[in-house]
Amino acid sequence: MNSNQATPGLSFTAESLRKKFRFSEFFAEKLITSVAFLSIALIILIFFFVFRESLPAFKHRPKATTEQQKITDGNKPESYGSSDTEAGSQKPETYGGAEASAGENKPETYTGSEPAAANKPESYGLVKDTSISADEVNPDASLRPSSEPESEGSLSSLFSNEWFPVSENPRYGLIPLFVGTLKVTLIAMLFAAPIAIFAALFSSSFAPAWLREWIKPAIELLAGFPSVVIGFFALMVMATFLQNLFGYETRLNSFVGGIAMALAAIPVIFTITEDALTAIPASYKEASLALGASKWQTAVFVTLPAATPGIFAAVLLGVGRVFGETMIALMATGNAALSGLNPFESVRTLAATIGAEMAEVVFGDMHYGVLFLIGSMLFIFNFSINAVAEFYVKGKLVKKIQGK
Amino acid sequence: MKIRLKNKIIGGTVTAASALSVILILGIIVIMLVVTFIGGKDTLTWKFLTTFPEEGMMKGGIFPAIYGTALLVIIMSIAAVPFGTITAIYLTEYAHEKSWIAQTIRFAVRTLATVPSIIFGLFGLGFFIKFVGAGMDNWFLGGHLKWAQPNLLWGSLTMALLTLPVVIVSVEEAIRTVPRELREASLALGATKWQTIKRVVLPGSVSGIMTGTILAVGRGAGEVAPILFTGAAYYLATLPTSVSDQFMNLGYHIYVMSTQSANVDQAMPIQFATTLVLLMLTFSLNLTAVLIRSRLRRRMK
């Protein structure tokens, strides 16, 4: 302080101390800030665009049936199988593995109706008039006057029990898909949660420090396994092994899929649980040990309960991981939309449905919209899980540790 | 005495169960590596890596899939790494730790990290192909269909969005290991904030940016769901020559070969070898990242 006044040549005025405006500084800061906002914008954009593409599900109900009905009236159903592969590869709107998957699973439908659906939405009015016979096939539509309550018809069919998107009378019942997804998730969590939590407990409470430094990165390596590799392993090796072990009928089922997904969920649960357990203040453990509790008593009765919110968050995020897992579901669950509760039955999960069918739909029709609607639901579900894990759990954890 | 014995039994059980869980997980990792290695090692030759598939993909190599995957991760890194690094710089250098903006961005990044990969695929289809691509076709090509279909660019950009959080998190961690004193020294010498970041902070966190890139590449090379409908092709007779071409991909190759090939059993050795290639690639990338990271953490201590 004094030296400032003592130095003769230097005088600090308000003017000289004011921050200079530098354009490059200003520019850099603004640029960096706006790039950082990209992540927020992305979340909004993802929701907006996925939801936007799902709009056809809300309005195109009669079109979907009538279009198809018209096609089936016009052409002989048998002719589709052969022409399908070429037609599929020529249309720009059919994607990815369309040739392969369309040829294998559902040879009928769609390719013929494509130009009309994609290019000329105006033509639907005309089609509607000619298609009263089509409505008779569909019990839903025939019950009501054909013009007004269309959107209700489409929405109510979402709650039916049948998922037959590609047939003369398509039905988009999401219930079997939900049942399948929940079944797989439940099985996966039954395996993943205890194993991962116990492993985290070992790593944080029982293992010596040198071992701990090895366990954590090693398990995190499992997180680096691509899901397609886990799916392949489940499909080729695990499915046969488990079938021989338990002797059930269908080789690919929700049990195999669930165990495979447990492999994907374990690193997620392990990492977060481990972090939560190590974040417990040492004073907790020291107090417990000082009272004469043994190592395992401290771990089970002190550390573990104190970290419950964190473990809860870990399991939630594990559920989110399994819920949206696509490749493993596609490869290991058998992909049949059954809604029974038997764990040894094939199932079709929500995410796998998107992955398997998006390649063969007509852009802008009901099926396309429903797939995007499923996508929106998956996104909302994951977003809420993440929000709960983030805010509720974190708040609780902090309170608990601070002892309020 | 009795209580003590009971305690010992429970304690032993808990310890054993937890140790067993760790062994189980590590065992599964080893089994997966070994099984893929045994299944694929005979087919995996230099020729397999450098030739095209033949006879309906029943024979021949996987060169186009490797090439396509390489292009994908390169374009992806070019897009994801700068954006991820800049976001990390904002979070560590510019934003206040407790400000709502920083909190929201952090929340958004964590959400992005947990969004299922198939949703990115849907977003790529809805945004890049049907919105941006179709818009580009309408504006520049007068409706001629070029960009409004799946291609390498859209696939890579979709993958970049998926790997963005990976980059952000590791770069942020690295920037935090740059000692505060270095920044203060730089500022005290009269450097501006941006000069400090450019000359002191960024050079100090190069290893973190590298880790982030490696992790992102490892993730991007293995993910299939995002490119299912944004660019991956079942089979291509030629290599992609521009970003508007479709491409083949290792993970997608495994998927179609194991679920949709004409004769799954006959193609089994090729499938195992392809899986082995992909697994070795992602495994070695992740291992490298883990090693760099542990060195970084040691430096922090």
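**Exercise 1. Which residues does Ser39(A) touch, not counting residues up to four places away in sequence?**

*Solution.* Start with the term: two residues are in contact when they have heavy atoms within 4.5 Å. Leaving out residues up to four places away in sequence, Ser39(A) touches Thr87(B), Ile105(B), Ala108(B), Val109(B), Leu112(B) and Ile168(B).

Ser39(A) sits in helix 4 of chain A, which covers residues 38-53. Helices here are DSSP runs of H or I with at least four residues, strands are runs of E with at least two, and both are numbered from the N terminus.

Last, look at its cover. Buried means under 20% relative accessible area, exposed means over 50%, and partly exposed lies in between, using a 1.4 Å probe and protein chains only. Ser39(A) has a relative accessibility of 0%, so this serine counts as buried.

A word on what you are viewing: this is a predicted model, in which local features need pLDDT of at least 70, side-chain atom pairs count only at pLDDT 80 or more, and totals for chains, interfaces and linings use all residues. Residues are numbered from 1 along each chain as its sequence is written, chains are lettered from A and ligands numbered from 1 in the order in which they are written, and side-chain values use heavy atoms, with hydrogens and water left out.

**Exercise 2. Where in chain A does pLDDT stay under 50?**

*Solution.* First, the score: pLDDT is the predictor's confidence in each residue, from 0 to 100. Chain A has a mean pLDDT of 75, with 72% of its residues at 70 or more.

Now find the stretches. One covers residues 1-6 of chain A, where pLDDT stays under 50 and the model has two contacts beyond four places in sequence. Another is residues 62-153 of chain A, also under 50, with 125 such contacts in the model. Where pLDDT is low, the predicted coordinates should not be read in detail.

Then turn to the other chain. Chain B averages a pLDDT of 89, and 99% of its residues score at least 70. For the model, the scores are ipTM 0.91 and pTM 0.81.

**Exercise 3. Is Lys216(A) buried or exposed, and is Glu213(A) buried or exposed?**

*Solution.* Begin with the helix they belong to. Lys216(A) is found in helix 15 of chain A, residues 209-223, and Glu213(A) lies in helix 15 too.

Check the length of this helix.

Now read the accessibilities. Lys216(A) has a relative accessible area of 19%, so this lysine is buried. Glu213(A) reaches 55%, so this glutamate counts as exposed. Buried residues in the helix include Ile215(A), Ile219(A) and Leu222(A).

Finally, look at the surroundings. Beyond its neighbours within four places in sequence, Lys216(A) is in contact with Phe270(A), Glu274(A) and Asp275(A). Its C-alpha lies 8.7 Å from that of Ala200(A), 16 residues apart in sequence. For Glu213(A) and Ser203(A), 10 residues apart in sequence, the C-alpha distance is 8.8 Å.

**Exercise 4. How many helices and strands are there in chain B?**

*Solution.* Count the elements: chain B has 11 helices and two strands. Along the sequence, they follow the pattern α-α-β-β-α-α-α-α-α-α-α-α-α.

Of the 301 residues in chain B, 51% are buried. Among its contacts between residues at least 6 apart in sequence, 73% join residues at least 24 apart. The C-alpha atoms fill a box of roughly 70 × 65 × 35 Å along the principal axes.

For chain A, the secondary structure comes to 23 helices and two strands, and 52% of the 404 residues are buried.
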